[in-house]
Amino acid sequence: MRNIEQIYINGEFVTPHGSERFDLWNPATARVFGQVRLADSQDAERAIAAAKAAFPAWANTPKATRIAALQRMYAAVAARQDALLEAVIEEYGAPAARSAWMARYPAEVIAQAIEALEAIDFTTRAGAATVQLMPLGVAGLITPWNSDAGFICGKLAAALAAGCTAVIKPSEMSAWQTQIVTEALHEAGLPPGVFNIVTGRGDTVGDTISRHPDVAKISFTGSTQTGKAILRNAADSFKRVTLELGGKSPTLILEDADLAQAIPLAVQAGFMNSGQACVAGTRILVPASRKAEIESALAQAVAAVKSGDPRHPDTEIGPMVSEKQWLRVQGYIRKGIDEGARVLVGGEGRPEGTEKGWFVRPTLFSDVHNQMTIAQEEIFGPVLCIIPYRDEAEAIAIANDTHYGLSAMVLGGARAGSVAQQIEAGRVLVNTLTHEPKAPFGGFKHSGVGREMGTWGIRAYMEPKSILG
Ligand code: NAD
């Protein structure tokens, strides 16, 4: 059994005041492999006080000091890649390609923040004024389970680059990843209180951070429902807020798409991170004139996707993170059937050869229209919908007919760029799945508020001050 007993406040590992024990599960075996002792609101208060005390000195550090600190963080996190790999397989069930990326990414995202920090001018001119970018204060950073270590490092690196200090509330379900990252960050030797890590429940620790008057900024990644609660809680003290929330992203296959290129991209976009990705392209919009051909090609591709043991090198889809998440996905598959969608591949239940563990069958629905629940709500599992359209205008209208607006993909020839221009989403990928870390990342509409990554991500922790005369 792996027991995680301490949190991190003011440069030290300490025993929390909170005494609740929370089970850590291996989703591939549905067995408990450890426990974490959770922080409570009192621990959150202590962490906020430490970050507040550390703020004036950190806010006044020169850029070179921050870059040096981030470089030490990078080196320490990069050195934990093997440990992180084991944790993301055991604790999260990430299969081979994804787990390798999840183990590398926490260090990479710190390196990306260093590059962005180097490019920022903290003082600029605007007419007669000198404009100075000022750090906001204590930042509360709240992360989800689907890429916990990456989100901790990405948010923390941006906050520290800006001159903020931080209180991090990681997902309580990812305590092992958090512990590995915390040990690395401790080794980086930053001044005490500059960052503090309090693993606890959302409705206690998360709630305290999002209401506390000494927290000036919240950066949250998670569900749209929790994002709304945080936005309300933050209002009383006018916190600046960055919210990275859910999605129901469209993949538009255009009339002239080359299917040999488009089908693998559409399937990868839909099934990334075992379908537990905010950016997953789960609505596949296809021209009615090519529906039969595309249905058949997609069905063949989805049927070939292996869902099962995350340690098997051929596995592309691992288990859902929890029983709750497994039941949620099963519920949506049933709902799709009840609402009249046709299962082309997959369906309810577990894939053949799996008995224990929260495995789901990669599922492809056809005969879906955009008002069905499975086309409107975020499922957060490997469930894709094929939605036919008559012409380009209708394709764009369907793509935009959603509360969400996080990501989209357009697959096709000459018209692809023009279609991309008309999609309401924070990011549109045209014939590619490649991510650009220098570009802003975030959502339109209910997919979020503000942007992360690149210089936009660091500016989100600062406020401009104009000095005249
Ligand atoms: P969640 O909203 O349940 O939890 C996210 C975090 O918020 C956790 O740390 C949780 O403990 C905390 N939390 C819960 N209630 C809280 C409250 N009242 N106050 C403060 N904090 C609270 O989300 P999840 O289930 O962990 O993650 C899945 C969701 O995250 C999906 O909806 C997905 O789309 C979204 N997500 C978005 C992005 C993005 O960048 N846009 C990336 C990954 C995941």
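Q: Which helix does Gln376 lie in?
A: Gln376 belongs to helix α12, residues 373-376. Helices here are DSSP runs of H or I with at least four residues, strands are E runs of at least two, and both are numbered from the N terminus. The model is predicted: local features need pLDDT of at least 70, side-chain atom pairs count only at pLDDT 80 or more, and totals for chains, interfaces and linings use all residues. Residues are numbered from 1 along each chain as its sequence is written, and side-chain values use heavy atoms, with hydrogens and water left out.

Q: What is Gln376 in contact with, leaving aside its neighbours within four places in sequence?
A: Contact means heavy atoms within 4.5 Å. With those neighbours set aside, Gln376 touches Lys248, Asn370, Gln371, Asp401, Thr402, His403 and Tyr404.

Q: Which N or O atoms lie by the ligand's oxygen and nitrogen atoms?
A: A side-chain N or O atom of Lys169 is 2.6 Å from a ligand oxygen. A backbone N or O atom of Gly222 is 3.3 Å from an oxygen of the ligand. For a ligand nitrogen, a backbone N or O atom of Leu245 sits at 2.6 Å. The protein buries 87% of the 840 Å² that the ligand exposes when taken alone. Those areas use the Shrake-Rupley method with a 1.4 Å probe; for residues, only the protein chains shown count as cover.

Q: What is the strand order in the open sheet with mixed pairing?
A: Strands of a sheet pair through backbone hydrogen bonds, either parallel or antiparallel. Two strands pair if DSSP finds at least two bridges between them. This sheet of 3 strands runs β1-β5-β4. Its edges are β1 (2-4) and β4 (21-26), each pairing on one side only. β4 and β5 (residues 31-37) run antiparallel, joined by 6 bridges. Asp23 has Gln35 in β5 as its bridge partner.

Q: Which helix lies across β4 and β5, and at what angle to β4?
A: Axes are lines fitted to C-alpha atoms, for helices over the stretch in contact, and angles run from 0 to 180 degrees between N-to-C directions. Helix α3 (residues 81-92) lies across both strands, at about 95° to β4. Helix α6 (residues 175-187) also packs on the sheet, touching β1, β4 and β5, at about 65° to β1.

Q: Why is one side of β6 and of β21 left without a neighbour in the sheet?
A: The order of this open antiparallel sheet is β6-β7-β21. β6 (123-126) and β21 (462-467) stand at its edges with a single partner strand each, so one side of each has no neighbour in the sheet. The twist averages 30° from one strand to the next. β7 (residues 129-135) pairs with β21 over 6 bridges.

Note on methods: Polar contact = N/O pair within 3.5 Å; in protein donor to acceptor, adjacent residues only side chain to side chain.
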